Structure formats: C-alpha cells, structure tokens
Amino acid sequence: MKATYRSAATLDRMSATGPRQVVAEAEETASELGIVDESARRRTFAIISHPDAGKTTLTEKFLLYAGRVAEAGAVKARGNRRRVVSDWMAMERQRGISITSTVLQFTYRGSVINLLDTPGHRDFSEDTYRVLSAVDSAVMVLDVAKGIEPQTLKLFEVCRARELPILTFLNKYDRPGRDPLELIDEIEKLIGLRPTPVTWPVGIPGDFRGVIDRRSGELIRFARTARGAGISVEESVDPQRASQEEGSAWQTATEECALLDEVGSDLDLKSFLAGESSPLFVGSALTNFGVRHLLDAVVDLAPAPSARQDASREHRALDAAFSGFVFKVQANMDPAHRDHVAFVRVCSGRFERGMTVTHGSTGRPFGTKHAAAVFGSERETIDIAYPGDVVGLVNASDLHIGDSLYADNPVTFPPIPSCAPELFATVRSLNVSRYKQFRRGLAQMAQEGVIQVLRDPNGDPVPVLAAVGQMQFEVFSFRLAQEFGAQVELSATPHRIARRTDAQTAARLSAWSSVRVLAREDGMLLALFESPYWLQRLEADHPDWTLEPITVSVAPA
Ligand code: G4P
C-alpha cells in the first residue's frame with residue numbers, strides 16, 4: 001500500500017521558496033518499506049542547551065542543510081530574531097525565552113529527522129525531562145566561551161543519567177572563548193560524560209580556520225556566507241598542504257590531536273550508545289562551520305528507535321501493533337480554536353489516522369481522526385506515522401502526560417519523570433465572578449504540567465502551587481489571565497523542601513506546625529518543610545517515618 005507522510009506545515013510558510021512548492025517537496029511518498037525499515041531511517045532527538053548557547057540558530061541551520069528552508073534568515077528574521085519559529089506564546093516573545101516545546105520533522109540524506117524542541121531555561125526543567133523521555137538521543141550545545149553553566153548542569157545530568165546517547169557541539173568558535181581541551185575536561189568532570197572529539201578546531205576561538213576531521217586527518221576549511229544565510233562551501237585540505245598554509249595553528253591542532261589519541265579519546269560507538277561517551281564536534285552555528293558534520297553524525301551515529309521497554313521491563317517490538325505514550329499536553333496553542341493537543345511518541349507499529357486505539361489508563365477506545373503534525377500554532381494532518389515519530393492528537397482532552405495508547409496487546413510505558421518542587425505558593429482568584437474559569441484554568445495547567453497543584457486533604461480550600469522555578473509561576477499567572485480571563489494572586493509560602501510521605505506519617509506530622517502535608521493531583525502525599533533543619537531532626541528522631549526524597553525518575557528509555 002502506498003502511503004503519504006506529510007510533515008510540519010509551518011515550515012512551508014517559513015520557506016523563501018513559497019509555501020506551495022515546499023508542500024509539494026515535503027510530501028514524501030513513503031516507500032513500500034515495512035515498519036522496521038521505516039523505524040531504521042528515523043532519528044528522533046532533542047537539542048539541549050543553556051539559553052543563548054545557540055540552540056535556535058543550530059535548529060535553523062539544520063533546516064537549511066536539510067533543504068527545508070532556502071535561507072536561514074527566513075526562519076528567524078533579522079530584526080526580530082527572538083521571535084523564532086518555535087516561540088509561539090506571547091510571553092515567550094516578550095521575554096525572549098523558549099518555554100514551550102514543539103516538534104520539527106524533516107528529511108536529510110534519506111533519513112527522517114524528528115527534532116523535539118526543549119526549553120533551555122532551568123525553570124522549565126520538568127518540560128525538558130518529558131521531552132527527553134520521548135527521544136532516542138540528544139545534541140548538547142555548549143557555548144565555547146562558557147562551557148557547562150551551573151544553571152543548566154541539572155539538565156545535562158538528567159540526560160546523562162537516562163543513559164541517553166549525547167552528541168556534543170562546541171558552538172561559537174568564531175569568537176573568543178575557552179581552551180577546548182579545558183572544556184572537554186570540564187564536561188567529563190561535571191557530568192561524567194567522556195567527550196570523544198570527532199572534529200578538532202584549527203585556530204583559536206575567534207580565529208577559527210577550520211577543523212581537523214580526526215577520522216581522516218584532513219583539514220576542513222569553510223567559506224563564510226553573509227550571516228551564514230546559505231550553506232557554507234567546504235574544502236578538504238590534505239595534512240601536508242594544511243601544514244604549509246596554516247603554519248602554527250595547524251601544528252598546535254595536530255599536537256592536541258596527538259594528545260587526544262594518547263588518552264584514548266577516539267570515537268567509540270558502543271560507549272556513545274550506552275550514554276557514557278559523547279562524540280564532540282566543534283563549530284559555529286552562526287557561520288555554519290561544522291553544522292554539516294554534526295547533522296551527518298545525527299544520521300550516521302545517533303540511534304534509530306529501538307524496541308521500547310514497558311513498565312514491566314518487557315520490550316515491545318518495533319513491528320508489534322501500534323503503541324505510543326503521551327509525553328506532552330498543551331492547550332490553547334491556537335488561541336483562535338482553544339484546542340488541546342496531546343503529543344504522542346510512537347513506540348511500535350504503524351499509526352494510521354482514524355484508527356481506534358485503546359487509552360491505557362481508562363481502557364476505553366480512543367479515536368484518532370484528528371491527528372496532526374503540530375508546530376507552534378500551525379498544524380497539518382498526519383495520516384501515517386512510524387516508531388520515532390510524534391503525532392499531535394488534537395482535542396484529546398482525556399489524555400494525560402504518561403498515558404499509553406495501543407492497538408491489540410495492552411502496554412503500559414514507564415511513568416514520565418517528574419521533578420521535586422522547590423517553590424510553593426498559595427493561589428487565589430481575584431475575581432469571584434471568574435471563579436469557574438479559575439478552576440478550569442487550574443485544572444488545565446495541572447494537566448499540562450505547567451505547575452503541580454497541591455491540596456490540603458484536611459479541607460483548606462486554597463490550593464498550593466508547586467514549581468521547580470519561579471518562571472513556572474509567571475507562566476501560570478500569565479496563561480490564566482490570557483486564556484481564562486482569570487486574574488490570580490500568588491503568595492509564596494515559606495516551604496523549600498518536599499518529601500514524599502504516607503498517610504501514617506502524615507497523621508504524625510500533624511503535630512508539627514512547621515510541616516505541612518498536601519496531596520498532589522496523582523494522590524501522592526507531600527510533606528513540605530521550611531528548612532532542612534526540621535527535616536533532618538525528624539529523620540534522626542523517627543527513622544521509621546516515611547520521608548522520601550522525590551527524585552527524578554531516571555529509568556533508561
Ligand atoms: P538559544 O536558542 O540557545 O537561546 O540561542 P540562539 O540560537 O538564539 O543564539 C543566541 C545568540 O547567540 C544569538 O545572538 C545568536 O545569533 C548567537 N549565536 C548563535 N550561534 C552563534 C555562533 O556560532 N557564533 C556567534 N558568534 N554567535 C552565535 P543575539 O545577539 O541574541 O541575536 P542576533 O543579534 O544575532 O539576532
């Protein structure tokens with residue numbers, strides 16, 4: 001049977017070549033390949049980085065190299081560069097940060113690339129964790145002047161802890177920065193990931209001559225294009241000529257490569273796939289230097305989807321009946337339609353729009369007529385999808401993060417990681433006449449995981465919001481006002497630490513006025529402490545009480 005796979009619509013509008021033409025080009029006829037072969041040509045990954053390290057620029061350049069946009073500036077127009085294609089929320093535009101995640105699909109060298117966007121800011125780590133549960137690998141982008149920044153260390157650690165294969169890109173080498181040897185040392189020390197440079201810079205940051213491809217020993221030189229708008233022309237130069245033409249820069253680079261050889265920093269596929277080592281590439285997303293090498297590595301080195309483990313650690317074969325799980329829920333992406341989209345990562349089988357699947361948590365049949373590739377506020381119908389692909393189910397308000405969907409044999413995938421909240425605030429509606437909207441908004445934000453909503457099991461009706469970062473509260477208030485017309489007042493509580501507890505310990509804790517016990521939406525009881533002092537005292541005096549850290553679940557995919 002011949003099937004048509006259509007990819008994200010927004011890109012069509014971004015292309016300088018005009019929408020119609022791009023739609024025609026993007027409509028690919030899926031071959032007669034079976035599910036296993038279709039899976040094998042997919043690469044599903046996320047780019048993780050500290051804000052400003054260059055994630056957006058790199059994404060844009062990937063699209064340029066994949067031929068999805070004719071000119072890089074078409075994506076992120078000059079003068080309005082902050083309004084990137086993936087930033088659709090008004091608040092994102094105002095603040096210049098990427099809060100929400102979207103999914104891009106494009107083809108490159110015959111592979112279907114699914115690139116899942118992640119918010120760079122630590123305050124939205126939880127959203128990033130969810131996205132990481134849906135990818136098979138990640139590209140870590142570091143600014144060569146800054147290295148691993150403390151605010152984002154946690155994100156990289158989670159990636160590492162999930163044993164996710166990570167490619168590293170040392171970006172912004174076109175301008176002054178730190179010694180790359182020092183940086184690879186830092187990566188290894190801070191996140192325990194052993195960088196294995198595949199390319200190595202010739203010249204210092206700010207005087208970037210090109211890279212040595214350590215596999216061939218050749219110098220690759222790049223020609224600049226204005227603001228990197230077009231693909232850079234590359235020239236391969238043999239070592240002898242490179243030595244004559246680049247002099248001491250070449251000599252330093254070859255000496256450093258000899259050092260890397262000595263310490264065994266060679267590309268090692270096995271440890272890369274185990275999430276222990278990271279092939280490293282050097283370049284400059286802005287000028288396109290090294291972008292092609294990195295994109296090639298996504299195709300050549302990053303893993304294709306494989307049989308996924310379910311909650312009972314059984315593997316569901318790629319060609320088993322359709323299955324997938326919801327890793328993200330987002331409402332009101334399209335303000336005109338007030339919709340509700342559940343993003344499903346396909347794990348096995350072939351998804352066909354219109355098929356009826358089972359919704360794991362309710363056991364009820366679930367129709368998939370409204371399946372779309374979603375990109376910001378734009379969407380286009382998806383008819384067919386394979387393992388590794390992401391399907392947006394529109395108006396799927398019954399679906400929650402972590403829910404499994406399947407055809408035939410039931411499957412439950414492991415729960416999506418959640419973070420230990422560190423900030424708490426009570427929330428009140430400022431306008432009694434909008435109370436209904438306030439409640440709806442609260443439920444919506446909790447379902448999406450924008451914040452966690454805690455309630456007092458003993459009856460105090462004022463809900464408490466729990467978050468990892470302050471900006472989550474800001475997004476909450478902003479969206480409640482924008483989307484539900486409900487103005488709210490948040491008052492921070494003095495609590496700083498949360499521990500998971502049980503009903504028995506909760507009853508005992510009621511005698512302690514400085515500890516508050518609240519219930520999360522999923523029923524988990526949380527004991528909130530104002531300082532580590534009381535927690536430590538209780539732990540010392542009552543070792544039998546249940547006070548467990550809420551750790552991020554880091555089960556490998
Ligand atoms: P993010 O998504 O990770 O937050 O970063 P983004 O790509 O938006 O890049 C942040 C800034 O860094 C941008 O500059 C971008 O142009 C610049 N940048 C990205 N890659 C490189 C690179 O390889 N070399 C250099 N020199 N700069 C790079 P901006 O000043 O915020 O915007 P604009 O003035 O360039 O529009």
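Tutor: In this predicted model, the axes of helix H4, residues 55-65, and helix H11, residues 291-300, come within 10 Å and cross at roughly 80°. Because angles of 65 to 115 degrees count as roughly perpendicular, H4 is described as roughly perpendicular to H11. On the side of H4, the contact is made by Leu 58, Lys 61, Phe 62 and Tyr 65, while H11 brings Val 291, Arg 292, Leu 294 and Leu 295 to it. Sorted by class, the residues of this contact between H4 and H11 comprise 6 nonpolar and 2 charged, with no polar ones.

Turning to the largest pocket, its volume is about 900 Å³, and 36 residues line it, with Ile 401, Ala 446, Gln 447, Gly 449 and Glu 521 lying nearest its centre. Several elements each supply at least two residues of this lining, namely helix H6 (125-132), helix H12 (435-448), strand E27 (452-455) and helix H13 (470-484), and the largest share, 6 residues, comes from H12. Seen by domain, the lining draws at least three residues from each of domain 2 (309-406) and domain 3 (423-541).

Definitions and conventions:
Residues numbered from 1 in each chain as written. Predicted model: local features only at pLDDT ≥ 70, side-chain atom pairs only at ≥ 80, totals over all residues. Heavy atoms only, no water. 1 Å grid on protein atoms, 1.4 Å probe; cavity = no way out; pocket = protein on both sides within 12 Å on 5 of 7 lines; lining within 4 Å. Points joined across faces, edges and corners; volume = space filled by probe spheres on them. Helix = DSSP H or I, 4+ residues; strand = E, 2+ residues; numbered from the N terminus. Domains from an automatic or database assignment. Axes fitted to C-alpha atoms, helices over the stretch in contact; angles between N-to-C directions. Parallel < 35°, antiparallel > 145°, perpendicular 65-115°, else oblique. Contact = heavy atoms within 4.5 Å. Nonpolar A, V, L, I, M, F, W, Y, C, P; charged D, E, K, R; others polar.
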